[in-house]
2 protein chains.
Amino acid sequence: MIVLLLYLPKIKLLMFELPTTIPIQVNAKLYLKDPNSSDLGIKIVSKSIDLINAIGFEDFTIRKLAQAINSTEASVYRYFESKQKLLLYLISWYWSWMEYRLVFATTNISSSKVKLERAISLITDKIEHDEKYNYINLKKLNSIVFTESTKSFLNKEVDKENKLGAFSEYKKFVEKVSDIVIELNPKYKFPNMLISTVIEGAHLQHHFTEHLPRLTNASTKEDHIQLFFSDIVFKSIATTKK
Amino acid sequence: MIVLLLYLPKIKLLMFELPTTIPIQVNAKLYLKDPNSSDLGIKIVSKSIDLINAIGFEDFTIRKLAQAINSTEASVYRYFESKQKLLLYLISWYWSWMEYRLVFATTNISSSKVKLERAISLITDKIEHDEKYNYINLKKLNSIVFTESTKSFLNKEVDKENKLGAFSEYKKFVEKVSDIVIELNPKYKFPNMLISTVIEGAHLQHHFTEHLPRLTNASTKEDHIQLFFSDIVFKSIATTKK
DNA sequence: CAAATATAATAGTAATACTATCATAATTGC
DNA sequence: GCAATTATGATAGTATTACTATTATATTTG
């Protein structure tokens with residue numbers, strides 16, 4: 001069924017035009033009980049996105065979440081074994097969704113250059129409209145990933161969580177974009193580094209633009225961040241013509 | 001006195017050859033009582049670096065620190081009003097120290113290109129030898145900044161802390177390196193973005209190399225990270241010769 | 001050597017992540 | 001349609017945390 005969709009005649013770029021029936025896959029080891037399997041699970045995921053986005057992951061507590069959905073801490077812990085795992089679930093969901101966006105944005109495009117341009121847009125553009133994918137607010141989730149995702153791997157648990165597969169969606173996405181880089185320049189030595197740098201760099205630059213503007217040269221109005229990273233990528237992988 | 005040092009005939013690059021008498025300035029609003037003013041303050045800073053490096057900032061507690069230096073929580077809180085402020089102090093110290101390293105690495109160098117190369121090395125190279133600057137273990141502090149510093153600004157307190165000047169040493173450093181970029185190409189539009197991306201990107205790539213290698217193309221043995229970022233920078237700012 | 005200051009000792013608060021237990025509600029299998 | 005299973009709620013509890021308050025004892029300073 002997914003394959004069928006990929007062959008639709010006109011594939012649109014923007015995420016809000018994606019069909020909402022595609023199942024987003026998240027590693028089952030990130031939850032104790034699939035939140036998609038019940039109303040409560042759905043409320044947990046949906047409301048945790050609202051809450052983390054509103055108050056930040058540090059101030060976010062399972063108790064606050066439970067109160068917000070008229071449930072109890074114990075019930076939440078039946079779905080996610082920890083606050084960390086819940087965050088990992090959300091981030092993993094995000095990258096799985098980004099992978100679909102990438103597929104839709106690049107299918108039937110013959111030019112590798114255009115494909116890479118579109119991938120960079122997907123990565124560097126902040127979602128500005130309040131759109132939902134089922135019960136998930138994509139703008140808020142996007143915002144969470146931008147500000148909280150480094151915390152998911154910059155800790156002492158990273159190896160343990162990596163073994164669980166917590167970062168495999170992220171890695172898959174990076175590798176898919178890296179593959180486009182390799183199409184354009186098979187000799188370029190650092191495609192994965194380049195793409196992971198663009199991803200994390202774009203997240204940070206968005207944060208800096210808003211809070212520490214002296215670290216950037218980007219205005220909030222124009223898409224300087226996209227321009228900047230696009231420039232970096234294409235200059236880096238350009239094959240020298242002599 | 002500082003000025004004098006800058007005019008020493010032969011300026012060496014490596015940090016362990018810096019004189020240890022240069023006072024590193026840290027914004028006074030980051031502490032309640034200057035830790036340099038007493039034995040206890042020195043022990044707090046010195047041991048917190050050891051501890052945070054060993055167990056990570058999340059697991060680091062003021063109680064553990066107090067026990068490690070045979071003191072009490074209350075005493076530590078007389079120097080730093082919070083765990084966060086202590087981290088901000090350490091990071092601020094780091095950037096102040098990096099500024100000195102930058103000055104020493106670039107003084108009396110006429111070529112802007114060489115200056116920028118040296119700056120990039122300073123930024124991207126991890127400190128591998130256990131060297132001390134007075135009571136501060138530079139290797140451990142370097143490691144802390146690489147893994148914990150994003151947490152210092154990726155939170156809801158960032159604006160408040162920014163007003164205190166918590167990030168001014170970092171900004172100063174970024175701007176000093178950006179100035180070299182501008183020397184090389186006055187028309188380049190994103191010097192600050194470029195340098196802050198290189199700094200944060202290099203930190204992350206070091207972490208990825210160790211924990212999530214699929215996100216990189218760097219081996220731990222070679223200086224691929226330096227090569228990669230050096231390549232990015234010089235290609236990005238190259239003036240097109242047609 | 002008195003006065004000021006720094007530190008230690010001790011206790012306490014409110015909040016946190018997470019666990020345990022048991023009762024009740026909702027769903028399912030037959 | 002009803003028993004058995006499962007999901008949730010209610011409630012309580014643990015150990016730990018960041019941080020504060022208070023008082024006593026060192027240590028330094030004028």
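**Notebook: where chain A meets chain B**

I began at the α11 helices: D231(A), I232(A), K235(A) and S236(A) in α11(A) meet D231(B), I232(B), K235(B) and S236(B) in α11(B). I sorted the residues of this contact by type and got two nonpolar, two polar and four charged. I note that this is a predicted model.

Next I looked up the geometry of the pair. Two packed helices are described by the angle between their axes and the distance between the axes. The axes of α11(A) and α11(B), residues 224-237 of chain B, come within 9 Å. They cross at roughly 100 degrees.

Then I took the whole interface. I found 51 residues of chain A in contact with 51 residues of chain B. The two chains bury about 4700 Å² between them. Carbon and sulfur atoms account for 64% of that area. Which residues of chain A lose the most area to chain B? They are L154(A), M193(A) and R214(A), together 17% of what that side buries.

I turned to polar links across the interface. Chain A and chain B have 28 residue pairs in polar contact, both residues at pLDDT 80 or more. I looked up which helices of chain A each supply at least two residues of the side that touches chain B. They are α2 (39-59), α7 (138-153), α8 (158-164), α9 (168-184), α10 (191-211) and α11 (224-237). α10(A) gives the most, with twelve residues. By type, the side of chain A that touches chain B divides into 23 nonpolar, 16 polar and twelve charged residues.

How many salt bridges run between chain A and chain B? I counted two. I checked R214(A): it forms a salt bridge with E175(B). The closest N and O atoms of that pair are 2.8 Å apart.

Last, I searched the whole structure and found 26 salt bridges over all chains. I looked at one within chain B. The side chains of E117(B) and K113(B) meet at 3.8 Å, N to O. Both residues lie in helix α6 (residues 112-124) of chain B. They are four residues apart, about one turn of the helix.

Methods:
Residues are numbered from 1 along each chain as its sequence is written. Chains are lettered from A and ligands numbered from 1 in the order in which they are written. This is a predicted model: local features need pLDDT of at least 70, side-chain atom pairs count only at pLDDT 80 or more; totals for chains, interfaces and linings use all residues. Side-chain values use heavy atoms; hydrogens and water are left out. Contact means heavy atoms within 4.5 Å. Buried area is the accessible area (1.4 Å probe) that two parts lose on being put together, summed over both. A salt bridge is a side-chain nitrogen of Lys or Arg within 4 Å of a carboxyl oxygen of Asp or Glu. A polar contact is a pair of N or O atoms within 3.5 Å; within protein, one must be able to donate a hydrogen and the other to accept it, and residues adjacent in sequence count only if both atoms are side-chain atoms. Ala, Val, Leu, Ile, Met, Phe, Trp, Tyr, Cys and Pro count as nonpolar, Asp, Glu, Lys and Arg as charged, and the others, Gly among them, as polar. Axes are lines fitted to C-alpha atoms, for helices over the stretch in contact, and angles run from 0 to 180 degrees between N-to-C directions.
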